[in-house]
Amino acid sequence: MKKLALHWKILIGMLLGLVFGFVMLQIGGGRAFTEDWIKPIGSIFVKLLKLIAIPLILASLIKGISDLKDISKFKNIGLKTIGIYIVTTVFAISIGLALVNIMQPGDGVSEETIAKLTETYSKNSSVQAKIAEASKQMDSGPLQFLEDMVPDNAFNALSNNKLMLQVIFFAIFLGIAMLLIGEKRAKPMKALFDSLNDIVLKMVDLIMLSAPVAVFALLANVVVSSDDPDILYALLKYAGVVVLGLVLMIVFYCVIVATFTKKNPFWFLKEISPAQLLAFSTSSSAATLPVTMERVEEHIGVDKEVSSFVLPVGATINMDGTSLYQAVAAVFIFQALGLDLTFADQITIVLTALLASIGSAAVPGAGMVMLVIVLESVGLPPELLPIGLALIFAVDRPLDMCRTVVNVTGDATVSMIVAKSVGKLGDPKVKNWDDNYDEVK
């Protein structure tokens with residue numbers, strides 16, 4: 001009997017989690033049972049993925065750079081990566097603006113709904129925290145993001161998943177230094193990171209054995225912790241516009257894959273699907289990164305020289321799904337509140353959303369902080385800011401899950417394009433968790 005593919009197991013786990021969550025909502029004490037006994041299983045899984053994210057970035061990036069024989073190759077890969085990420089992000093924002101202006105979801109929101117949302121969420125501690133975080137970012141200087149990329153303590157950077165850019169900077173710096181001292185003197189250090197890379201990838205395989213059960217737990221908890229269904233229905237048109245835009249971005253990626261790499265886009269989606277499903281379940285590009293790297297390298301055939309740089313950088317600065325959501329959300333809020341946005345304002349949204357995506361944390365809820373920055377850039381009165389966020393807060397989590405899928409798919413797409421352009425897109429070489437089991441059992 002043919003073994004069931006991982007993505008089907010994860011999908012079954014997700015569907016069972018949704019059903020279980022809805023059943024628990026109908027049972028007295030069901031929500032408490034889910035939060036006490038089911039949620040921790042998903043939380044442990046996400047923690048395990050985050051546990052290996054930084055070791056994987058460090059080992060993979062240093063190995064990729066130290067394997068280069070010509071340092072100019074790294075410059076070529078870096079420039080292409082940043083350039084393509086900027087193009088895809090601008091395209092995503094443009095799609096969002098086009099859809100929200102054509103469909104105008106904000107015009108259908110009643111004053112009663114606005115009043116109810118404002119009463120429910122405007123004083124919410126999470127909303128206030130995101131406003132405060134955005135204000136802190138806006139008060140910083142124009143080159144603050146560059147300053148924040150450089151760590152003053154490597155061990156501090158390595159101990160904090162939110163400092164992903166600092167880890168990338170340190171790994172690149174160390175890898176280039178290893179190249180410059182010569183192959184002979186760098187050999188012991190290179191052997192260490194080569195071995196660490198293999199070990200961490202094996203850890204990914206082991207963690208993924210529990211993925212179907214973990215996504216069951218994650219989705220069940222999402223359902224039982226969901227907000228008032230009446231409010232969700234009121235925001236259905238807005239959510240539909242965001243989801244339509246995200247689907248169009250997936251289509252855009254498929255066209256790019258077919259055009260530039262000559263690979264079957266359906267094959268691409270099938271191979272990357274476990275990472276997409278995990279992105280949906282966790283709402284975190286950072287937590288999904290180890291799985292994204294494993295799928296892209298072993299199942300799609302992108303060389304480690306490319307994936308080790310493109311994917312960690314993408315998890316931090318490439319937020320196509322989040323940027324599209326910001327464009328839709330910003331215009332929706334103005335429409336719902338009866339405020340006008342000029343064409344110049346919408347160009348400002350494109351530029352601000354692009355800049356805000358660079359350095360944004362690859363964690364759940366970061367998009368809301370970016371949205372505050374976008375709203376303030378187009379002149380939303382400060383007193384209306386909590387009301388604006390309250391309008392969309394109820395559906396932010398499910399939309400966050402959807403846009404993280406697009407973020408991860410965009411990272412994988414760009415890694416394929418860059419790999420193809422530098423001759424580093426080869427045949428997949430799949431490794432299983434038990435490949436060497438016979439040696440140790």
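Here is a chat about how to read helices, charged pairs, rings and a surface patch in this predicted model.

Reader: Let's start with the helices. How many residues does helix H20 have, and what length does it reach?

Author: H20 covers residues 396–421, which is 26 residues. From its first C-alpha to its last it reaches 37 Å, close to the 38 Å expected at 1.5 Å a residue.

Reader: Let me try another one. What span should helix H8 have, and what do its end C-alpha atoms say?

Author: H8 runs over residues 164–180, and its 17 residues should span 24 Å at 1.5 Å a residue. Its end C-alpha atoms are 24 Å apart, so the two agree.

Reader: Which residues of H8 are buried?

Author: Among them are Met164, Leu165, Val167, Ile168 and Met178, and Gln166 is on that list too. Just after H8 comes Gly182, which takes a positive phi of about 95 degrees.

Reader: Are Lys63 and Asp194 buried or exposed?

Author: Both are buried.

Reader: What about Glu297, which partner does it have?

Author: Glu297 forms a salt bridge with Lys304, and the closest N and O atoms are 2.7 Å apart. Glu297 and Lys304 are both buried.

Reader: Where do Lys424 and Glu305 lie?

Author: First the contact: their side chains meet in a salt bridge, 3.5 Å from N to O. Lys424 is in the loop between H20 and helix H21 (437–440), while Glu305 is in helix H15 (residues 304–317), so the pair ties together parts that are 119 residues apart in sequence. Lys424 counts as partly exposed because its relative accessibility is 21%, whereas Glu305, at 13%, counts as buried. Some salt bridges also share partners, and these join Lys63, Lys190 and Asp194 into one network.

Reader: Now rings. How do I describe an aromatic pair?

Author: A pair of aromatic rings is described by the distance of the centres and the angle of the planes. The count here comes to six aromatic pairs. For Phe20 and Phe216, the ring centres are 5.3 Å apart and the planes are at 50 degrees, so this pair is tilted. Phe20 belongs to helix H1 (residues 6–26) and Phe216 to helix H10 (residues 211–224), so the pair ties together parts that are 196 residues apart in sequence.

Reader: How do Phe20 and Phe216 count for accessibility?

Author: Phe20 counts as partly exposed at 21% relative accessibility, and Phe216 counts as partly exposed at 21%. Then there's the pair of Phe252 and Tyr253, also tilted, with 6.0 Å centre to centre and 45 degrees between the planes. Phe252 is buried, with a relative accessible area of 19%, and Tyr253 counts as buried at 1%. Ring pairs link Phe91, Phe252 and Tyr253 into a cluster.

Reader: Which residue lies over the face of Tyr325?

Author: That's Arg403, at 3.7 Å from the ring centre.

Reader: Last stop, the surface. Which residues make the nonpolar patch?

Author: Ile44, Leu48, Leu51, Ile199 and Met203 make a nonpolar surface patch of about 430 Å². The elements that give two or more residues to it are helix H2 (30–66) and helix H9 (183–208). H2 provides the largest share, three residues.

Reader: And where is Ile199, and how does it count for accessibility?

Author: Ile199 lies in helix H9. At 45% relative accessibility, Ile199 counts as partly exposed.

Note on methods
Residues numbered from 1 in each chain as written. Predicted model: local features only at pLDDT ≥ 70, side-chain atom pairs only at ≥ 80, totals over all residues. Heavy atoms only, no water. Patch = residues over 30% accessible without salt bridge, like charges linked within 9 Å, V, L, I, M, F, W, Y side chains within 5 Å. Areas by Shrake-Rupley, 256 points an atom, 1.4 Å probe, with all protein chains shown as cover. Salt bridge = Lys/Arg side-chain N within 4 Å of Asp/Glu carboxyl O. Helix = DSSP H or I, 4+ residues; strand = E, 2+ residues; numbered from the N terminus. Buried < 20%, exposed > 50% of the residue type's maximum accessible area, 1.4 Å probe, protein only. Expected span 1.5 Å × (residues − 1). Phe/Tyr/Trp six-rings, centres within 6.5 Å; stacked < 30°, edge-to-face > 60°. Lys NZ or Arg CZ within 6 Å of the ring centre and 35° of its normal.
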